[in-house]
Amino acid sequence: MKKYAFALDLKDDSEKIEEYIQHHQNVWPEVLQSIKESGVKNMEIFHVGNRLFMLVSVSNNFSIEKDTIGNPENPIEQKWEELMWNYQQKLPFAKSGEKWVLMDKIFEL
């Protein structure tokens, strides 16, 4: 299995951060299914302050260069992503259209 790490910021607003966390206690089933169908075996999101860290484990045949996590064409997933943008803000160095930024692993024990 392969692992990828991503970062993203939330808007620095304690109420919005709490709402975001609550949404992730009840992620829409269609979104979860779409993520699983894309080859994701495990996904975890951590937060501190307004920073998010997502760790994604995928099948060995998944290619981060060619494949997407989830299905961006899925209308329900699009609605979920629209809703999440009410809470999220892109990192200052993110490319245009980039939401979650892929992180480089610099250490492993």
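In what order do the elements of the protein run from the N terminus on? The order is β-α-α-β-β-α-β-β. That makes 3 helices and 5 strands. The model described here is predicted.

**Overall form**

The protein has 109 residues and a radius of gyration of 14 Å. A compact globule with 109 residues would have a radius near 13 Å, so the value agrees with a compact globule. Along its principal axes, the C-alpha trace spans about 40 × 35 × 25 Å. The accessible surface comes to about 7600 Å². Carbon and sulfur atoms hold 52% of that surface. Of the 109 residues, 34% count as buried.

**The nonpolar core**

In soluble globular proteins, nonpolar side chains tend to be buried together. Here the largest nonpolar core has 19 residues. Which of them touch the most other members? They are Phe6, Leu10, Tyr20, Leu52, Val56, Val58 and Trp100. Leaving out residues up to four places away, Val58 touches Met1, Lys2, Tyr4, Gly39, Val40 and Lys41.

Helix 3 covers residues 75-84, and Glu77, Trp80 and Met84 are buried in it. Seen down the helix axis, the buried residues fall within an arc of 55 degrees, so they line one face of helix 3. On the other side, Pro75, Lys79 and Glu82 are exposed. What covers the buried residues of helix 3? The cover includes helix 1 (14-23), helix 2 (29-37) and strand 4 (88-89).

The N-terminal end of helix 3 is capped by Asn74. A side-chain oxygen of Asn74 lies 2.8 Å from the backbone nitrogen of Ile76. Asn74 itself sits in the loop between strand 3 (51-58) and helix 3. Not counting residues up to four places away in sequence, Asn74 touches Glu30 and Ser34.

| Residue | Relative accessible area | Class |
|---|---|---|
| Asn74 | 18% | buried |
| His24 | 26% | partly exposed |
| Gly97 | 81% | exposed |

Why does Asn74 count as buried? Its relative accessibility is 18%, and buried means under 20%.

His24 is found in the loop between helix 1 and helix 2. The side chain of His24 reaches the backbone oxygen of Tyr20 at 3.0 Å. Tyr20 is one of the core residues that touch the most other members. His24 also touches Ile45, Trp80 and Met84, not counting residues up to four places away in sequence. Trp80 and Met84 are among the buried residues of helix 3. His24 and Ile45 are 21 residues apart in sequence, with their C-alpha atoms 9.1 Å apart in space.

Gly97 lies in the loop between strand 4 and strand 5 (101-102). Gly97 and Glu73 are 24 residues apart in sequence. From C-alpha to C-alpha, Gly97 and Glu73 are 15 Å apart.

Notes. Residues are numbered from 1 along each chain as its sequence is written. This is a predicted model: local features need pLDDT of at least 70, side-chain atom pairs count only at pLDDT 80 or more; totals for chains, interfaces and linings use all residues. Side-chain values use heavy atoms; hydrogens and water are left out. Buried means under 20% relative accessible area, exposed over 50%, partly exposed in between (1.4 Å probe, protein chains only). Helices (H or I, at least four residues) and strands (E, at least two) are DSSP runs, numbered from the N terminus. The arc is that of the directions from the helix axis to the C-beta atoms. Contact means heavy atoms within 4.5 Å. A polar contact is a pair of N or O atoms within 3.5 Å; within protein, one must be able to donate a hydrogen and the other to accept it, and residues adjacent in sequence count only if both atoms are side-chain atoms. The radius of gyration is taken over C-alpha atoms; the globule rule is 2.2 Å times the number of residues to the power 0.38. Accessible areas come from the Shrake-Rupley method with a 1.4 Å probe; for residues, only the protein chains shown count as cover. A nonpolar core is a set of buried Ala, Val, Leu, Ile, Met, Phe, Trp, Tyr and Cys residues joined through side-chain atoms within 4.5 Å.
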